[in-house]
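Keep the 3D view at hand.

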Amino acid sequence: MRFGIVLFTSDRGILPARAAQEAEARGFHTFYVPEHTHIPVKREAPHPGTGDASLPDDRYMRTLDPWVALAGAAAVTERIELGTAVALPVEHDPITLAKTIASLDHLSGGRVLLGCGFGWNTDELTDHGVPPAKRRTVLREYLESMRALWGQDQASYDGDFVRFGPSWSWPKPVRGSVPVLIGAGGSDKTFEWIARSADGWITTPRDAEVVGQVARLQEIWSGAGRSGRPRVVALGTRPEPDVLEAWAAGGVTDIVYGLPDRGADEIPAYLDRLAAKLEVLRPGALVPA
């Protein structure tokens with residue numbers, strides 16, 4: 001089981017590059033950041049956590065661009081995986097985004113992980129010209145077209161929302177592609193989408209029956225003819241031995257813990273405490289750089 005850190009980036013608190021450095025130094029496997037390009041003031045879409053237009057955290061309106069943040073982290077780290085939890089690819093041009101992600105992967109030595117969301121904030125998607133009712137289809141076409149650009153010397157794509165003729169685009173990702181995880185509620189609909197178009201699942205705070213949900217994902221995954229098992233990243237709160245053992249036995253491959261909204265003078269001590277607890281529960285799971 002791998003352990004990761006997610007920093008809800010904003011224009012205050014510790015810088016992403018420093019947070020990634022500190023996490024890598026303590027042996028954490030992955031460093032994640034989120035994405036929102038903007039938050040419309042007037043919205044019809046309720047936040048899934050609050051159930052209405054209120055936001056649980058004002059960092060939603062202050063998030064940094066994830067690819068700029070991860071580029072800064074890549075420049076000062078050597079081992080830690082660089083991921084999004086979650087990015088919103090449909091809010092970008094897919095050709096340009098494919099170039100951005102491939103460039104970061106190339107410059108970081110193949111350390112990029114693309115965690116995607118469908119987008120709960122449909123008002124935000126609408127501002128980007130994405131029909132809310134079609135957001136899953138749009139994301140599927142974006143991923144298919146980006147994979148074509150990553151994996152083919154001459155790539156083309158002809159979909160309903162993405163179209164381009166034979167094209168060259170380098171660099172290519174170090175591993176030939178970039179792993180894609182979907183952060184969404186653990187329903188059959190989500191798992192069928194993952195089995196068709198992604199490499200794994202990131203849980204949400206509302207997923208309470210993770211072990212049973214993972215079993216269902218694995219069942220749908222195998223039924224779709226996928227080999228191996230999906231990568232599963234579970235959102236952790238505090239390290240609890242019973243939870244860790246149950247999740248590991250049930251197929252969870254990664255657990256990610258959130259960093260508090262604090263400055264660079266407080267985060268190292270927080271990571272020290274978290275790393276010490278995890279080392280007691282699962283000796284050898286963290287390998288300091």
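Helices (H or I, at least four residues) and strands (E, at least two) are DSSP runs, numbered from the N terminus. Two strands pair if DSSP finds at least two bridges between them. The model is predicted: local features need pLDDT of at least 70, side-chain atom pairs count only at pLDDT 80 or more, and totals for chains, interfaces and linings use all residues. Residues are numbered from 1 along each chain as its sequence is written, and side-chain values use heavy atoms, with hydrogens and water left out.

Start with the barrel. Eight strands form a closed barrel with parallel pairing, in the order β1-β2-β3-β4-β7-β8-β9-β10. From one strand to the next, the twist averages 25°. (Axes are lines fitted to C-alpha atoms, for helices over the stretch in contact; angles run from 0 to 180 degrees between N-to-C directions.) Strands of a sheet pair through backbone hydrogen bonds, either parallel or antiparallel.

Now find where β1 meets β10. Strand β1 covers residues 2-6 and strand β10 covers residues 254-258; they pair in the parallel sense over five bridges. Within this pairing, Ile5 has Tyr257 of β10 as its bridge partner.

Helices pack on the sheet. Helix α3 (residues 94-108) touches β3 (81-84) and β4 (112-116), and its direction makes about 145° with that of β4. Contact here means heavy atoms within 4.5 Å. Helix α7 (residues 210-223) lies across β8 (200-202) and β9 (231-235), at about 155° to β8.

Next, the rings. Rings of Phe, Tyr and Trp (its six-membered ring) pair if their centres lie within 6.5 Å; planes under 30 degrees apart count as stacked, over 60 as edge-to-face and the rest as tilted. The count comes to five aromatic pairs. One of them, Phe3 with Tyr257, is stacked, at 6.4 Å centre to centre and 25° between the planes. Phe3 lies in strand β1 and Tyr257 in strand β10, so the pair ties together parts that are 254 residues apart in sequence.

Two loops hold cis peptide bonds. Most peptide bonds are trans. Ala85 and Val86 are joined by a cis bond, with omega about -5°. Val86 sits in the loop between β3 and α3. Pro171 is in the loop between β6 (163-167) and β7 (180-183).

Finish with the spaces. On a 1 Å grid over the protein atoms alone, a pocket is an open set of points with protein on both sides within 12 Å along at least five of seven lines, and a cavity is a set where a 1.4 Å probe fits but cannot get out; lining residues have an atom within 4 Å of a point. Grid points are joined across faces, edges and corners, and a volume is the space filled by probe spheres set on the points. The largest pocket has a volume of about 1,400 Å³. Its lining has 50 residues, with Tyr60, Thr203, Thr204, Pro205 and Leu235 nearest the pocket centre. There is one cavity of 30 Å³ or more.
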